[in-house]
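Visitor: Hi, I have a model open here and would like to walk through it with you. Can you take my questions as they come?

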Amino acid sequence: MNEQLELVAAQQFAAEKLGGSGGCHDLDHTKRVLANAESLLAETPQADAFCVKMAVWLHDIARPLEDVENGKVCHAQLGARLASEYLSGRDIPENTREAICRAIERHRFRGKFYPEAIEEKIVFDADKLDSLGAVGIGRAFLFAGKCGARLHNTKEEALSSEAYSIEDTAYREYLVKLHRLVDVMQTAPARRIAQERSKFMQEFFRQLDLETGL
């Protein structure tokens, strides 16, 4: 098996699948997740780096389908199945293919499956880190804009609203998910980075409250 060749092929496959994605889950997002994963791998040498990188390239290949269905399809579970089909035709050992698919299946914050193996934990953490800090704020506003949501709203308005509604603001995403990510990080280096980025987000929304009078 030529690992570098397989990684390049996976990148190309991901680029094809993500061609119609919005800015929140496009190929740029995947590349940032890969950079996060590489940073975490540097502090977890026991992990299978090839497995992690392959899973990162493929982790969001079903995201465009979830977006079309307004969240009714789980892109992690569907993505694992699509990845399995793709990998079955590649020169990769079966146990590695299965490990890659498990990492994809278990990378979602709201998913049914939780990461167990260290490779799964790194993929999970690397993906979540891209939802925090300045990048996380930018992505939250991109998603809110796509939904046609307001710029900002109160805590009560946000938490009493439905997803994909006019009240599905960046602040709602912060309240229902983003501020909780520090507590679900699976690895020590990811927790350290998440704490720093989470503080930045907290201050940002405090300032947004002040400027909007909410």
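Visitor: Let's start with Tyr-171 and Tyr-174. In which helix do they lie, and how many residues apart are they?
Guide: Both are in helix α10, three residues apart, which is about one turn of the helix. Keep in mind that this is a predicted model.

Visitor: Okay. Are those two tyrosines buried or exposed?
Guide: Tyr-171 and Tyr-174 are both buried.

Visitor: Which other rings are they linked with?
Guide: Ring pairs join Tyr-171 and Tyr-174 into a cluster with Phe-141, Phe-204 and Phe-205.

Visitor: What does Phe-141 touch, apart from its sequence neighbours within four places?
Guide: Phe-141 is in contact with Leu-151, Ala-170, Phe-204 and Leu-208. Phe-204 is also a member of the ring cluster.

Visitor: How far is Phe-141 from Arg-108?
Guide: They are 33 residues apart along the chain, and their C-alpha atoms are separated by 20 Å.

Visitor: Back to rings in general. How many aromatic pairs are there?
Guide: The count is eight aromatic pairs. One of them is Phe-143 with Tyr-164, an edge-to-face pair with 5.5 Å between the centres and 65 degrees between the planes. That pair links distant parts of the chain: Phe-143 sits in helix α8 (residues 133–147), while Tyr-164 is in the loop between α9 (155–159) and α10 (170–176), 21 residues apart.

Visitor: Is the tyrosine in that pair, Tyr-164, buried or partly exposed?
Guide: Tyr-164 is partly exposed, because its relative accessibility is 27% and buried would require under 20%.

Visitor: And what about the backbone, what phi does Tyr-164 have?
Guide: A positive one, about 65 degrees, although Tyr-164 is not a glycine.

Visitor: Who else lies in the loop between α9 and α10?
Guide: Thr-169 is there. Thr-169 is buried, with a relative accessible area of 1%.

Visitor: What's packed around Thr-169, beyond its neighbours within four places in sequence?
Guide: Thr-169 is in contact with Ala-144, Ala-149, Arg-150, Leu-151, His-152 and Asn-153. Leu-151 is also a contact of Phe-141. As for Gly-148, its C-alpha is 8.8 Å from that of Thr-169, and the two are 21 residues apart in sequence.

Visitor: Switching topic: which residue lies over the face of Phe-124?
Guide: Lys-128 does, at 4.6 Å from the ring centre.

Visitor: Now helix packing. At what angle do α3 and α7 pack?
Guide: Helix α3 (residues 49–58) and helix α7 (residues 118–129) pack at about 40 degrees, and their axes are 9 Å apart. That angle makes α3 oblique to α7. From α3 the contact uses Cys-51, Val-52, Ala-55 and Val-56, and from α7 it uses Glu-119, Ile-122 and Val-123.

Visitor: Is the crossing of α3 and α7 left-handed or right-handed?
Guide: The crossing of α3 and α7 is right-handed.

Visitor: And how do the axes of α2 and α3 cross?
Guide: The axes of helix α2 (residues 27–41) and α3 come within 9 Å and cross at roughly 160 degrees. α2 and α3 are therefore roughly antiparallel to each other, the cut-off for that being over 145 degrees. The residues making the contact include Leu-27, Val-33, Leu-34 and Leu-41 of α2 and Val-52, Val-56 and Trp-57 of α3.

Visitor: Last pair, α2 and α7. Where do the axes cross in degrees, and within what distance do they come?
Guide: The axes of α2 and α7 come within 8 Å and cross at roughly 125 degrees, so these two helices are oblique to each other. α2 passes α7 in a right-handed crossing.

Visitor: Which residues meet there, between α2 and α7?
Guide: On the α2 side, His-29, Val-33, Asn-36, Ala-37, Leu-40 and Leu-41 meet Ile-122, Asp-125, Ala-126, Asp-127 and Leu-129 in α7. Ile-122 also takes part in the contact of α7 with α3, and Val-33 is among the α2 residues that contact α3.

Notes: Residues are numbered from 1 along each chain as its sequence is written. This is a predicted model: local features need pLDDT of at least 70, side-chain atom pairs count only at pLDDT 80 or more; totals for chains, interfaces and linings use all residues. Side-chain values use heavy atoms; hydrogens and water are left out. Rings of Phe, Tyr and Trp (its six-membered ring) pair if their centres lie within 6.5 Å; planes under 30 degrees apart count as stacked, over 60 as edge-to-face and the rest as tilted. Helices (H or I, at least four residues) and strands (E, at least two) are DSSP runs, numbered from the N terminus. Buried means under 20% relative accessible area, exposed over 50%, partly exposed in between (1.4 Å probe, protein chains only). A charge sits over a ring if NZ of Lys or CZ of Arg is within 6 Å of the ring centre and within 35 degrees of the ring normal. Axes are lines fitted to C-alpha atoms, for helices over the stretch in contact, and angles run from 0 to 180 degrees between N-to-C directions. Angles under 35 degrees count as roughly parallel, over 145 as roughly antiparallel, 65 to 115 as roughly perpendicular and the rest as oblique. A crossing is left-handed if the near helix is turned anticlockwise from the far one by less than a right angle, and right-handed if clockwise. Contact means heavy atoms within 4.5 Å.
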